[in-house]
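Reader: I am new to this structure. Please take me through it in questions and answers.

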Amino acid sequence: MVALVARGQDPVLSQFYSSPILLNPSFAGNTSSPRFAINYRNQWPGLAQAYRTYALSYDQFFDDYNSGIGISVLSDDQGKGLYKTTKLAAIYSYRLKVGKSTFIKTGFELAGVQATVGWDKFIFPDQLDPLYGEVGPGGSPLPSGELRPDNTNRLYLDLAMGTMIYNPHFYGGLSINHINNPDIRFTRSVDNTSSGLPLRLTLHAGSQITIFDAKPGKSDIFISPNILYTRQNNFSELLGGAYVGLGPLFTGVWARLTPNNPDALIMNIGIKTGKMKISYSFDATISKLTLNSGGAHELGIVFNLDDQNPRKTPDYNDCFQLFR
């Protein structure tokens with residue numbers, strides 16, 4: 001019997017601005033009307049075992065209660081069904097005014113997660129024939145001596161929280177995921193395995209530099225530089241770059257770095273028309289994997305139901321245009 005310890009990180013979207021409540025629960029409620037987001041990520045499609053992530057979210061702010069709420073569904077498929085997770089989360093945030101134009105928001109997330117191992121898709125060393133590979137002489141898959149887990153599905157509770165301070169020109173925040181270190185083991189036969197999902201800490205900050213202040217209901221021309229630092233267990237990454245709003249059009253460039261090597265150069269382009277915003281981004285791999293991995297393709301669609309009538313559009317006193 002062979003015992004292996006596998007380590008990985010949470011799925012993280014390059015388009016953090018398309019679904020910000022996945023980045024930090026304190027982002028819940030950036031619009032007075034409902035805001036819906038759909039996200040899709042296909043990472044390393046050039047490799048045999050691709051990684052695909054799907055997300056759907058809703059959030060909205062309620063002035064009477066000075067609070068925001070949100071709901072998100074995240075599905076992550078690793079290795080074409082080898083390991084799949086589906087997460088359903090409910091989010092609440094509260095906004096506190098601490099200055100003339102400065103606010104602090106704190107958010108909390110309560111989530112239920114289902115994790116599934118596609119046991120029948122695994123190929124173990126004792127299933128490899130020296131001559132025929134994955135199948136025996138008769139063409140049938142060889143049996144394995146590995147013990148199948150009693151349950152290939154796990155359900156667990158996952159908690160997160162975040163806080164953020166912002167004004168019309170700058171924002172900065174911190175989010176903490178997996179506060180309760182949920183047990184994600186499918187088998188307890190390996191005693192020296194860490195059972196708890198490690199904390200994920202994310203520091204993020206950004207600014208908004210307005211070049212042309214458009215009329216209410218229209219899109220400004222602005223530049224928004226942003227930086228994100230994420231750490232989970234012994235893994236960390238730094239993302240830095242800028243988002244440029246050009247009226248109804250927008251674009252941006254970011255670089256993602258890890259301590260050992262540069263990872264990817266991220267480029268995005270999109271359009272905002274009426275209540276809908278569509279963006280496409282590509283992660284060009286610049287690590288040793290090179291572009292043979294296929295990079296990563298990401299699509300984000302946002303529906304912001306704020307009234308586009310110039311007389312009714314809310315006057316947002318913040319620097320969050322890229323998130324809307």
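This is a predicted model: local features need pLDDT of at least 70, side-chain atom pairs count only at pLDDT 80 or more; totals for chains, interfaces and linings use all residues.

Reader: How many helices and strands does the protein chain have?
Author: Buried residues make up 41% of the 324 residues in the protein chain. Among contacts with a separation of 6 or more, 54% are between residues 24 or more positions apart. As for the elements, the count is 0 helices and 15 strands.

Reader: Which residues touch the most other members of the largest nonpolar core?
Author: This core has 22 residues. The elements that give two or more residues to it are β6 (153-166), β10 (221-232), β11 (235-246) and β12 (249-257). The members that touch the most others are F16, F27, Y171, F320 and F323.

Reader: What does F320 touch, leaving out residues up to four places away in sequence?
Author: F320 belongs to the largest nonpolar core, and it is also part of an aromatic cluster that includes F27, Y166 and Y171. With residues up to four places away in sequence left out, F320 touches F27, N30, M164, Y166, Y171 and Q208.

Reader: Which residues does the second, separate core include?
Author: This core has 8 residues. Among them are V113, W119, F124 and F186.

Reader: How many residues apart in sequence are the parts tied together by the pair of F16 and W254?
Author: The count of aromatic pairs is 18, and F16 and W254 form one that is edge-to-face, with 5.9 Å centre to centre and 85 degrees between the planes. Both residues are buried. F16 lies in the segment before β1 (35-43) and W254 in strand β12, so the pair ties together parts whose distance in sequence is 238 residues.

Reader: Is L96 buried, partly exposed or exposed?
Author: L96 has its place in strand β4 and is one of the residues that make the nonpolar patch. Its relative accessible area is 46%. Exposed means over 50% and buried under 20%, so L96, lying in between, is partly exposed.

Note on methods: Residues are numbered from 1 along each chain as its sequence is written. Side-chain values use heavy atoms; hydrogens and water are left out. A nonpolar core is a set of buried Ala, Val, Leu, Ile, Met, Phe, Trp, Tyr and Cys residues joined through side-chain atoms within 4.5 Å. Buried means under 20% relative accessible area, exposed over 50%, partly exposed in between (1.4 Å probe, protein chains only). Helices (H or I, at least four residues) and strands (E, at least two) are DSSP runs, numbered from the N terminus. Contact means heavy atoms within 4.5 Å. Patches are made of residues with over 30% relative accessible area and no salt bridge: like charges are joined within 9 Å, nonpolar side chains (Val, Leu, Ile, Met, Phe, Trp, Tyr) within 5 Å. Accessible areas come from the Shrake-Rupley method with a 1.4 Å probe; for residues, only the protein chains shown count as cover. A salt bridge is a side-chain nitrogen of Lys or Arg within 4 Å of a carboxyl oxygen of Asp or Glu. Rings of Phe, Tyr and Trp (its six-membered ring) pair if their centres lie within 6.5 Å; planes under 30 degrees apart count as stacked, over 60 as edge-to-face and the rest as tilted.
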